[in-house]
Amino acid sequence: MRLLTRGVVAPLLTPLLPLPLSRRLLDVTGYVLPVPRGTRRTATVLGGVPAERVATPGSDGPHQVLYLHGGGYKTGSPRSHRSLTAQLSRACGAPVHVPDYRLAPEHPFPAAVDDAVAAWRALRAAGHRAQHIAVLGDSAGGGLAMALALRLRAAGEELPGSIGLISPWLDLDLSSPWVLANSGRDAMLDADTLTPAAEDYRAGADASELAPLAADLSGFPPLHVVAGADEVLVGDADALVERARAAGVPVSYTRAAGMWHAYPVFAGLLAEADAAVAGLGAAVRRDCAADRVRVAVVGAGFGGIGLGAVLSGSDVADVTILDKADGVGGVWRANTYPGAACDVPSHLYSFSFAPGREWTRRFAPQPDILRYLERVAAEHRLAPRLGTEVTEAHWDDARATWRLDLSDGGSLEADVLVPACGQLSRPARPRIPGLDTFAGPVFHSAEWDHDVDLRGKRVAVVGTGASAIQFVPAIVDDVASMTVFQRSAPWLIPKPDRPYGRVARTLQRVLPAGRLPARGFWTLFFETGALGFTRFPLLTPPFRWAHHAMLRRQVPDAGLRARLQPDYPVGCKRVGISSDWFPALARPHVDVVTDAIAAVTPTGVRTADGTEHAADVIILGTGFATSDFLAPMKIFGPGGVELSERWRDGARAHLGISVPGFPNLFLLYGPNTNVGSGSIVHMLESQIAYVRQAIAAVAGGAGPLSVRPDVESRFDTEMQDRLGDSVWTGCQSWYRTASGRIVNNWPGLMREYRRRTAHFDPADYERP
Ligand SMILES: Cc1cc2nc3c(=O)[nH]c(=O)nc-3n(C[C@H](O)[C@H](O)[C@H](O)COP(=O)(O)OP(=O)(O)OC[C@H]3O[C@@H](n4cnc5c(N)ncnc54)[C@H](O)[C@@H]3O)c2cc1C
């Protein structure tokens, strides 16, 4: 590596090369050096200075890094340092902001310092506390970091939480004896390169910011210095460390034997460089550690468990999950009806960060999904407070916290409130006259009464939605007779289900990545459906053809076929997936009744035409109360404003997550996040990633945060415009309120939602 540096990199810095070429070639080195997987680089502007934001997976912590690149004040850029900044992002667990500051000789001192200060102030203006920002730099960038700190102190502004310097160039006079002594040993730099750079940068100026070694460093934040013992600038590092220690500054110093100038740029290739970067990362995490935020999550279904899992072990959040049920799982604990299963293949209906190994079939049955959620909760040591309903939540202006009132009479204080109550967790019981006079058992599919023995009974099933489609075929062989009351026939496509044999199940355990192709295939399948339902109706005929083909094949009776023909556009209600619904209804002891129900009598169900349909048991497959989000819980924001009052005309929230005027409130599976074709778990995972960043921002001092009304309003207008063109306007369904507003569904692809929720932008938020 030393030879490579001397032979390839060092010549790029020599003043013998034309400057534009030198800059260009140096940029290229940034593309050659290794970058961690998943690194994202975003072009930004910080205080008018073009910059890059470098983030690696897991780097969305509350603290930030401002990185000032080296290059002798004349060369270098975010591009030349793309490898080092990405390695530092991973080590620090933070995004790294790299300003493309102005270079000499075109822009001599103080242009670069001005740009560094502008970038710093922009980060502060974005809501980041000074304590939570680390300023790092290498070589000339190290000098700039010190100049920035001196400028801030002179202006009476807060200093960064941590300063990290790699081979800092602090003495423009090059007076250290090491400059000459190490000129032959340093693989990267020599005095001949430094001298003209110093002249170009200083351009005759004389200011204390140009001589940080002479400055009083008392009151400086912790300082972490890394230098190679063989480098020409090691004397600068030695002198700085000595002065800082004398001034009482906490200092760590890595003086690496045998290493040359700025050797950490080779992180990923050189063990000493890896160690230096890891050391700086650990120091930044320690120095910039944020306050811990108390997060209350209401609901222990996929949403609550997923967020809890992602935040478990977090540096910034203490999470309390509450659920009124007596176990985790949400709908997958409640819905135990025979045949309950997901209608999205499990490889897609599970978290990408927690591969499932419970699946006994492609479309996992309810017990598998419940076991999966219980395992994820146990593995992340989540211990929800069960049997505890949150009845009300009140924002306390003075304390800037939420107070939750609990069903057991207690209360809980939290900084952030995350309702993860689901859209389908409250069974809807129809208001049928006489229902409570029925002499036999009546129960809802989501509250299945397993004590009722259905064998030999006459069973009335009310409703033909997604649950009935599953439980009717599962019980039809047990019952003496069945009457299915259908208001509108569902569209159906065949269910390509199959059991997983021993080999497939072993593979789930030993090769979790083996699920990825299936995940990709099913994502494509459902996204195509979503495109058809929202933008390109021409994609929907295959759904109709599949329904008709199955109907023709499975139902010989023309009269029944006619009754099983939907009278609304395909996709307007959730398309059912079942290969055994039609055969179940075609059984001789099953009757499908399409006349409206007039009343329930003690002995059966009477339809509008006056016919009495005798029954021993009534099962309500009547779905869920979906438009009163969060009910019956009441949420009172600042000034006592109640959320359901605010939502009188229909629930709405920015990205389905944030509501203006309700600080530090982030919803999971909120308004307009349901998909007509796709996996809710996929959507929840996007929300979880966003909320995690929001919590980090609150912990980092940006909060309390509530979304700006104009941002939410723009989003809502867009949603309703796009939903107006969707298939969901073509019928009444659980996606719409009584007034016709579509409050449940997302009008695009899961992919678009993931993209739009990938980055939490503090600029979309304001303090109350
Ligand atoms: C039978 C059924 C099948 C489904 N199949 C699919 C499918 O195949 N694919 C798909 O994408 N989606 C499916 N869904 C949708 C399903 O709702 C979501 O996929 C997902 O499970 C939602 O998870 P959640 O955590 O958001 O909500 P839920 O699972 O509904 O959990 C919410 C939890 O919040 C608790 N809670 C609510 N209010 C309070 C309160 N005030 N205090 C304390 N606790 C409270 C509830 O007790 C519940 O446990 C199905 C839904 C049902 C009902």
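Me: Why is Leu213 called buried?
Reply: In this predicted model, Leu213 has 20 other C-beta atoms within 10 Å. The criterion for a buried residue is 20 or more such atoms, so Leu213 counts as buried. Leu213 is found in the loop between α7 (191–202) and β7 (223–228).

Me: Which residues does Leu213 touch, not counting residues up to four places away in sequence?
Reply: Leu213 touches Leu170, Asp171, Asp236, Ala239, Leu240 and Arg243. A contact requires C-beta atoms within 7 Å. As for Asp557, which is 344 residues from Leu213 along the chain, the C-alpha atoms of the two are separated by 94 Å.

Me: What are the dimensions of the box that the C-alpha atoms of the protein chain fill?
Reply: Taken along the principal axes, the box is roughly 105 × 55 × 45 Å. Of the 768 residues of the protein chain, 51% count as buried. The secondary structure comes to 22 helices and 27 strands. Among contacts between residues at least 6 apart in sequence, 76% join residues at least 24 apart.

Me: How do you know that the span of helix α5 agrees with its number of residues?
Reply: Helix α5 (residues 140–154) has 15 residues, and at 1.5 Å a residue they should span 21 Å. The expected span uses one less than the number of residues. The end C-alpha atoms of α5 are 21 Å apart, and therefore the two values agree. Just after α5, Gly156 takes a positive phi of about 75 degrees.

Me: What makes α5 largely enclosed by the rest of the structure?
Reply: Of the 15 residues of α5, 12 are buried, so the helix is largely enclosed. Among them are Gly141, Leu144, Met146 and Leu152. The cover over the buried residues of α5 includes β3 (64–68), α4, β5 (133–138) and β6 (162–166).

Me: Which residues does the UniProt annotation "domain: Alpha/beta hydrolase fold-3" cover?
Reply: According to the UniProt record, an unreviewed entry, that annotation covers residues 65–263. The span is 36% helix and 16% strand, and its end C-alpha atoms lie 20 Å apart.

Me: Why is Ala400 called partly exposed while Tyr669 is called buried?
Reply: Ala400 has 15 C-beta neighbours inside 10 Å. A residue is exposed at 12 or fewer and buried at 20 or more, so Ala400, with its 15, counts as partly exposed. Tyr669 has 28 C-beta neighbours inside 10 Å and therefore counts as buried.

Me: What makes the peptide bond from Ala104 to Pro105 cis?
Reply: The omega angle of the bond from Ala104 to Pro105 is near 0 degrees, and the bond is classed as cis. Pro105 lies in the loop between β4 (96–99) and α4 (111–125). The bond from Ala631 to Pro632 is also cis, with omega near 0 degrees. Pro632 lies in the loop between β24 (617–620) and β25 (634–636). Most peptide bonds are trans.

Me: How many residues of domain 2 are in contact with domain 3?
Reply: In domain 2, 22 residues are in contact with 24 residues of domain 3. The residues on that side of domain 2 divide into 10 nonpolar, 8 polar and 4 charged. Domain 2 comprises 293–426 + 626–766, and domain 3 comprises 435–508 + 535–620. Taken over C-alpha atoms, the centres of these two domains are separated by 30 Å.

Me: How many residues surround the ligand, and which are the closest?
Reply: The ligand is surrounded by 33 residues, the closest being Gly299, Gly301, Gly330, Gly422 and Ile680. By class, this shell has 19 nonpolar, 10 polar and 4 charged residues. Both α10 (302–311) and α20 (680–699) supply at least two residues of the shell. The largest share, 3 residues, comes from α10.

Terms used. Residues numbered from 1 in each chain as written. Predicted model: local features only at pLDDT ≥ 70, side-chain atom pairs only at ≥ 80, totals over all residues. Near = placed C-beta within 6 Å. Helix = DSSP H or I, 4+ residues; strand = E, 2+ residues; numbered from the N terminus. Nonpolar A, V, L, I, M, F, W, Y, C, P; charged D, E, K, R; others polar. Contact = placed C-beta atoms within 7 Å. UniProt positions renumbered as here; feature names shortened; annotations may be inferred. Domains from an automatic or database assignment.
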